[in-house]
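Please take a moment with the sequence and the model that follow. The paragraphs after them go through a few places, one at a time.

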Amino acid sequence: MKNIPEEHKRVCAVIDLDAAVENVKSLHNKLSPGTKMLAVIKANAYGHGAVQLARKLDTLDIVFGYAVATAEEAFELRRNGLDKPILILGYTFPECYEKLVAQDIRPTVFRPDMAKELSAEALRQGKSLKVHIKVDTGMSRIGIFPDDTGVSFVRQVMGLPGVEIEGMFTHFARADERDKTSTLKQFERFTSFTKRLEEELSLHIPLKHCANSAAIMELPETELDLVRAGIAMYGLWPSEEMDRKKTLLHPVFRLYSHIVYIKTVPAGTPVSYGGTYVTAKEQRIATIPVGYGDGYPRALSGKGEVLICGKRAPIVGRVCMDQFMVDVTDIPEAVQGDKVTLIGADGTEHITMEELGDLSGRFNYELACDLGSRIPRIYANLLSE
């Protein structure tokens, strides 16, 4: 983005909505005709902005609906006029059932008490509630087991009035690994279980789903009726083990700031808390008004870099809550007020979310989610500029 609005010069994230759309299309192109896609926009769309992203994706027929983690996230989408199906992937607390039923939001069900209470609330409102049952095939997280106890649970849910089993799903624990053996075992457990339900209980499950981003990209046999496009939709790779030649992805998130001060200091000058960095010669030190209070990782102290004037400038000393310092000695053209690229491209240089994640001891999902609300998001259509 060429020009950052004056009011956001301290720091801002630029979200390229065009890039998100192209990523969704790239993933959808891998699917068989008729396979539906959920856009996973939990955790405020991995820090990108759930409402704004959903509004953009809402115009695409290839997006069936949205997946979130909590009832609160689902309610926010409904408050903002998003009417497509919404699936809550995690547990929903009873206090939310009245609004959930009233707003036609699909809960994930895996506990008998939850199923019974949802049934009672649906009957009270005179509605039929669509639910998705979670099956634990290897995550050891929420979900019923694909065994006799699981069959018994599904039979119970089938007998509850006001509840309709629309979907059944599992989640792959290791689909982003090069070796797909474990994932294919999970897939076999899930498909064997759903086949057993169909045969023993005569249950028709309209939407069976397993595939996350990694599986969409590299395991087409797992797509079934529905897929859940998550991290790849944001132009981020599920892991370093993914084959990047198989899918075209565009980064969606860019992060910018500006130099607020440059000073020249002599050799032997400590920089930032603890004096962990001491200048070896006369150096030009630039201050950037961003810090871990914004979610910019403190672990990048002495490791990370930023882009100034198309060149890399190393972080020196510890990242503070609201500021950090970089060495611009080798960038003599840098002046106060210059734009700083923390994530994104400047000239031929590019700093990715993956790079910063690796340097700070986390992974790209976590870093994207951690970049906090103190960073304003600007929404743009950059690919079409």
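Predicted model: local features only at pLDDT ≥ 70, side-chain atom pairs only at ≥ 80, totals over all residues.

Apart from its neighbours within four places in sequence, E117 is in contact with P94 and Y97. D18 lies 99 residues away from E117 along the chain, and the C-alpha atoms of the two are separated by 42 Å.

Helix α3, made up of residues 50–57, has as its buried residues A50, V51, L53, A54 and L57. These cover an arc of only 165° around the axis, and therefore they sit on the same side of α3. An α-helix has 3.6 residues a turn, so residues three or four places apart point the same way. The partners against which the buried residues of α3 pack are α1 (17–28), β2 (36–40), α2 (42–46), β3 (65–68) and α4 (71–79).

Strand β10, residues 253–258, is largely enclosed by the rest of the structure, because 5 of its 6 residues are buried. Strand β1 (residues 11–16) runs antiparallel to β10 and is joined to it by 5 bridges, with V14 standing opposite R254 of β10. Strand β18 (residues 339–346) also pairs with β10 in the antiparallel sense, over 4 bridges, and here L255 stands opposite I343 of β18.

Note on methods:
Residues numbered from 1 in each chain as written. Heavy atoms only, no water. Buried < 20%, exposed > 50% of the residue type's maximum accessible area, 1.4 Å probe, protein only. Helix = DSSP H or I, 4+ residues; strand = E, 2+ residues; numbered from the N terminus. Pairing = 2+ DSSP bridges. Arc of directions from axis to C-beta. Contact = heavy atoms within 4.5 Å.
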